[in-house]
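Dear colleague,

Here is the structure I said I would pass on. My notes follow below it.

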Amino acid sequence: MADFRRLPAPTTDEWLWQSRGACLGVDTSVFFHPDFERGASRARRTAQAKSVCARCPVLEQCREHALRVQEPYGTWGGLDELERKVMIKEVRRQHAA
């Protein structure tokens, strides 16, 4: 579950970037896997999500948001769950050193 304490304040300025996302209007099932999805099916869906992200004008804001709140599900900012988890672990490791 995302840590809601890390979410930005509920002001328009903090969330406006979402209204410019390439994902706007795309079925959310492209970005969030159904229960028990594995293998080639999951890889195809993730690749489809990442292709939407690749053309997104707010990719960086989306990615930063997902990393900051440690979003546990879906593809955000061109990163899937595992990629974000690895990045978050690396940042923690660097801060601990």
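Notes on the helices and what packs between them

The residues of helix 3 that count as buried are Leu-59, Cys-62, His-65 and Ala-66. Buried means under 20% relative accessible area, exposed means over 50%, and partly exposed is in between, with a 1.4 Å probe and protein chains only. Looking down the axis of helix 3, these buried residues fall within an arc of 130°, so they line one face of the helix. The arc is taken over the directions from the helix axis to the C-beta atoms. Just after helix 3, Gln-70 has a positive phi of about 55°.

Before going on, some background. This is a predicted model, in which local features need pLDDT of at least 70 and side-chain atom pairs count only at pLDDT 80 or more, while totals for chains, interfaces and linings use all residues. Residues are numbered from 1 along each chain as its sequence is written, and side-chain values use heavy atoms, with hydrogens and water left out.

Overall make-up

The protein has 4 helices and 0 strands, and from the N terminus its elements run α-α-α-α. Helices (H or I, at least four residues) and strands (E, at least two) are DSSP runs, numbered from the N terminus. Of the 97 residues, 33% count as buried. The accessible surface comes to about 6,700 Å², and 59% of that belongs to carbon and sulfur atoms; the areas come from the Shrake-Rupley method with a 1.4 Å probe, and for residues only the protein chains shown count as cover. Among contacts between residues at least 6 apart in sequence, 49% join residues at least 24 apart. Contact means heavy atoms within 4.5 Å.

Helix 2

Helix 2 covers residues 39-54, which is 16 residues, and reaches 22 Å from its first C-alpha to its last, close to the 22 Å expected at 1.5 Å a residue. That expected span is 1.5 Å times one less than the number of residues. Arg-45, Thr-46, Ala-49, Val-52 and Cys-53 are the buried residues in helix 2. Seen down the axis, they fall within an arc of 115°, so they line one face of helix 2. These buried residues pack against helix 3 (59-68). On the face turned away from the buried side, helix 2 carries the exposed residues Gly-39, Ala-40, Arg-44 and Ala-54.

Arg-45 and Thr-75

Arg-45, in helix 2, is buried with a relative accessible area of 9%. Leaving out residues up to four places away in sequence, Arg-45 touches Ser-29, Val-30, Phe-31, Phe-32, His-33, Pro-34, Glu-37 and Thr-75.

Thr-75 is placed in the loop between helix 3 and helix 4 and is buried, with a relative accessible area of 7%. Apart from neighbours within four places in sequence, the contacts of Thr-75 are Phe-31, Arg-45, Thr-46, Ala-49, Lys-50, Cys-53, Asp-80 and Arg-84. Thr-75 and Thr-46 are 29 residues apart in sequence, and their C-alpha atoms are 7.1 Å apart in space.

The nonpolar core

A nonpolar core is a set of buried Ala, Val, Leu, Ile, Met, Phe, Trp, Tyr and Cys residues joined through side-chain atoms within 4.5 Å. The largest such core has 13 residues, and Phe-31 and Cys-56 touch the most other members. Helix 2 and helix 3 each supply at least two residues of this core. Not counting residues up to four places away in sequence, Cys-56 touches Gly-21 and Ala-22.

Cys-23 sits in the loop between helix 1 and helix 2 and counts as partly exposed, at 37% relative accessibility. Beyond its neighbours within four places in sequence, Cys-23 is in contact with Phe-31 and Val-52. Cys-23 and Arg-55 lie 32 residues apart in sequence and 9.6 Å apart in space, C-alpha to C-alpha.

The aromatic pair

A search of the whole structure finds 1 aromatic pair. The pair is Phe-32 and Trp-76, edge-to-face, at 6.3 Å centre to centre with 80° between the planes. Phe-32 lies in the loop between helix 1 (12-15) and helix 2, and Trp-76 in the loop between helix 3 and helix 4 (81-96), so the pair ties together parts that are 44 residues apart in sequence. Rings of Phe, Tyr and Trp (its six-membered ring) pair if their centres lie within 6.5 Å; planes under 30 degrees apart count as stacked, over 60 as edge-to-face and the rest as tilted. Phe-32 is partly exposed, at 33% relative accessibility, whereas Trp-76 is buried, at 18%.

Regards
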